[in-house]
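Student: I have a model open and would like to learn how to read it. Could you walk me through it?

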Amino acid sequence: MAKKTVDDLRKLYHEELQDIYDAEHQILDALPKMEKAAHSEDLKQAFREHREQTEEQVERLDSVFESFGEPAKRKTCKGMRGLIEEGSEYLDAKGDADAIDAALIAAAQRVEHYEIAVYGSLRTFALALGHEDQAELLQETLDEEEETDERLSELAEAGINQEAASGE
Ligand code: FE
Ligand code: FE
């Protein structure tokens with residue numbers, strides 16, 4: 001693999017923006033499939049609502065690029081590709097509905113945690129570079145990813161408790 005050159009924080013920030021821009025687009029494609037695969041109505045709704053939120057997050061990134069003075073561009077996010085590829089193994093899984101939903105939630109939470117890590121770094125880079133307006137936009141998305149992660153945790157707990165209650 002070719003060695004990377006990291007000239008400065010500005011360039012790093014720009015590269016990471018393109019990485020998450022691609023990741024969000026991958027997520028936009030994946031969420032409807034997750035929604036279709038989910039058994040619980042609550043989980044379907046969570047995936048549906050997060051897809052709508054993700055559309056707004058892409059628009060927010062468009063604004064960040066604009067304020068940064070660069071065209072919005074995607075650069076393949078290999079990390080997200082791997083996470084989605086792993087999660088997609090459960091899309092047509094057969095077996096116990098609650099257990100499959102638990103697997104889908106675990107896959108989705110891996111994605112959210114990845115996003116939380118990236119947006120946290122990006123926000124910090126933006127602040128260091130003096131782009132406070134961009135840092136604010138990135139923080140808004142970071143908050144949404146954290147809320148989504150919590151919501152998924154609650155759904156996982158509810159699903160597991162339900163299974164315990166039914167004695168399976
Ligand atoms: Fe996102
Ligand atoms: Fe997300």
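Tutor: Gladly! Let's begin with a term we will need: a residue counts as buried when its relative accessible area is under 20%. Keep in mind that this is a predicted model.

Student: What share of the 168 residues in the protein chain is buried?

Tutor: Buried residues account for 40% of them.

Student: And how many helices and strands does the protein chain have?

Tutor: There are 5 helices and 0 strands, so reading from the N terminus the order is α-α-α-α-α. Along the principal axes, the C-alpha atoms occupy a box of roughly 60 × 35 × 20 Å.

Student: Why does the pair His50 and Glu145 tie together parts that are apart in sequence?

Tutor: Because His50 sits in helix 2 (residues 41-68) and Glu145 in helix 5 (residues 132-165), the pair links parts 95 residues apart in sequence. By the cut-off we started with, both His50 and Glu145 are buried.

Student: Which residue bridges the iron ion (ligand 2) and the iron ion (ligand 1)?

Tutor: That is Glu115, and the two ions lie 3.2 Å apart.

Student: Which residues gather in a patch of negative charge on the surface?

Tutor: Look for Asp143, Glu146, Glu147, Glu150, Glu154 and Glu157.

Key. Residues numbered from 1 in each chain as written. Chains lettered and ligands numbered in written order. Predicted model: local features only at pLDDT ≥ 70, side-chain atom pairs only at ≥ 80, totals over all residues. Heavy atoms only, no water. Donors = N, O, S within 2.8 Å, 3.2 Å for Na, K, Ca; no water. Helix = DSSP H or I, 4+ residues; strand = E, 2+ residues; numbered from the N terminus. Buried < 20%, exposed > 50% of the residue type's maximum accessible area, 1.4 Å probe, protein only. Patch = residues over 30% accessible without salt bridge, like charges linked within 9 Å, V, L, I, M, F, W, Y side chains within 5 Å. Areas by Shrake-Rupley, 256 points an atom, 1.4 Å probe, with all protein chains shown as cover. Salt bridge = Lys/Arg side-chain N within 4 Å of Asp/Glu carboxyl O. Lys, Arg positive; Asp, Glu negative; His and termini not counted. Charge placed at Lys NZ, Arg CZ, Asp CG, Glu CD.
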